[in-house]
Amino acid sequence: MSTLKAMSGAGAASDTSEHLDRAFLGHPKGLGYLAFTEAWERFSYYGMQTLLVLYMVKELLLPGHIEHVWFFEPIKGLYGLQGQPLASAIFGTYTALVYLTPILGGFLADRVLGKRRTVLAGAATMALGHFLMAFEQTFLFALLCLVAGCGMFKGNLASQVGALYKPEDLRRADAFQIYYLAINAGVITTPLIVGTLGETVGWHWGFAAAGIGMLIGLSIYVAGQKYLPKEEFVRSSASARVQRPPLSPRERLSTAALILLIPVLAVAIVPNNQIFNAYLVWGNEQFDLVFFGKKLPTTWLITLDSITSVAFLAGVAVFYRWYGKRRQEPDEITKLMIGSAFSVLGMLCLFMAAVSKPTGGKIGLLWPMAFHLTNSIAFAHMLPVSLAFFARLAPATINSTVMGLYYLAFFACNTLVGWVGGLYEKWPTPRFWLLHAAFAVGSGTVFVLFKVFLSRYLLNGPSEKAIKDYC
């Protein structure tokens, strides 16, 4: 009898485990908590980022305001710029550092705090930074908190998504698509709330709303702790380091290949990330945003971009499910090549918008709309695909550190975005967007070379001996 009860209990436990494993859109329940946490974090982060350049250009860097910012004179002297180029440089430095600090965040998670506590510390620090943005005096301290908080938060949350699945579970790629859908859901709503408050009521009201969003995300993450991946975490010590197994030849090749891809990804995503910088300034100055006699907030362009991004993230995922039932689905590198091609088309749309601008008039939204559509297809083939690719190939023993290295691509990208964005006032606008098209052409070419020379060793499962001989 006791044996039957034990078997019954085991069966019930198995049923519960199976239910939890498919409780959120056919995925583990923990994915829902991670996705909604990320959605609110992105709501707060992109709300602040959407307002940042416009806030600096239209208020903070103007006389009567810039003098109030604590310790700003040394920063201004460091750049040697003013006006829109200075705003672009600050934007580039801030967004670049946001993607550099995940390396430290990954180290903290792997060696000191564990992923969960590192994410909690990062979320709290980011919330503080958003609220400090509500005051001109604490502008630089706010950016510092946001940079540090993002470093602890970003890679460690994403790596928990991958940890929900066994290595052979094919749902992982779909999980990252859902994860990016959640990101874009946050980005869609934030210009309508944070952006509208900032542009129409007051900049600091918008920044405070971003802080509230971050607190909501933190609450969701705390509530979902029991559904997240279990951590086998031991604080760093001499004995613990000795027990870590050395990387196999396959893992060494995978790590080297991922590191080589970092600068290529950086160049590839410059066109997409310029949307938050020079593109917004250009749209604010030159786009016809007047409807029924009222000018819409410029930040709503970000909502437009996010809506198309969400639509094509879902559409591309559905397409490849359909395509995969009939033919072999393209691997990640091939998808990155496709994304680069669409990125080129998107930049050519902005080139056409610039050359077709009527003299003394405003640019209609036909070409910008075409840009958002093509760029969203590119986005769906690049960002979630590259993240899934890194999560797939990163060795388990250094997973968080490698995921932190992934964000080096965004560090380099946003450094370029800030520097290149400063050319907006110096170059003719058509030439400015052709430069971005050249970035997409260059990165796409390298993806082709990677496909030809390396992908068969990484994606088709050769033996360890074949990889060792290759290395």
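Helix α7 passes α8 in a right-handed crossing, meaning the near helix is turned clockwise from the far one by less than a right angle. Helices here are DSSP runs of H or I, at least four residues, numbered from the N terminus.

The model is predicted, so local features need pLDDT of at least 70, side-chain atom pairs count only at pLDDT 80 or more, and totals for chains, interfaces and linings use all residues. Residues are numbered from 1 along each chain, and side-chain values use heavy atoms, without hydrogens or water.

Back to the pair. The axes of α7 (residues 139–163) and α8 (residues 171–201) come within 9 Å and cross at roughly 145°. Axes are fitted to C-alpha atoms over the stretch in contact, with angles from 0 to 180 degrees between N-to-C directions. L157, A158, V161 and G162 of α7 meet R172, A175, F176 and Y179 of α8. Contact means heavy atoms within 4.5 Å.

Last, α2. E38 and R42 form a salt bridge, 3.7 Å from N to O. The cut-off is a Lys or Arg side-chain nitrogen within 4 Å of an Asp or Glu carboxyl oxygen. Why does the spacing matter? Being four residues apart in α2 (residues 29–60), E38 and R42 are separated by about one helical turn.

Notes: Helices (H or I, at least four residues) and strands (E, at least two) are DSSP runs, numbered from the N terminus.
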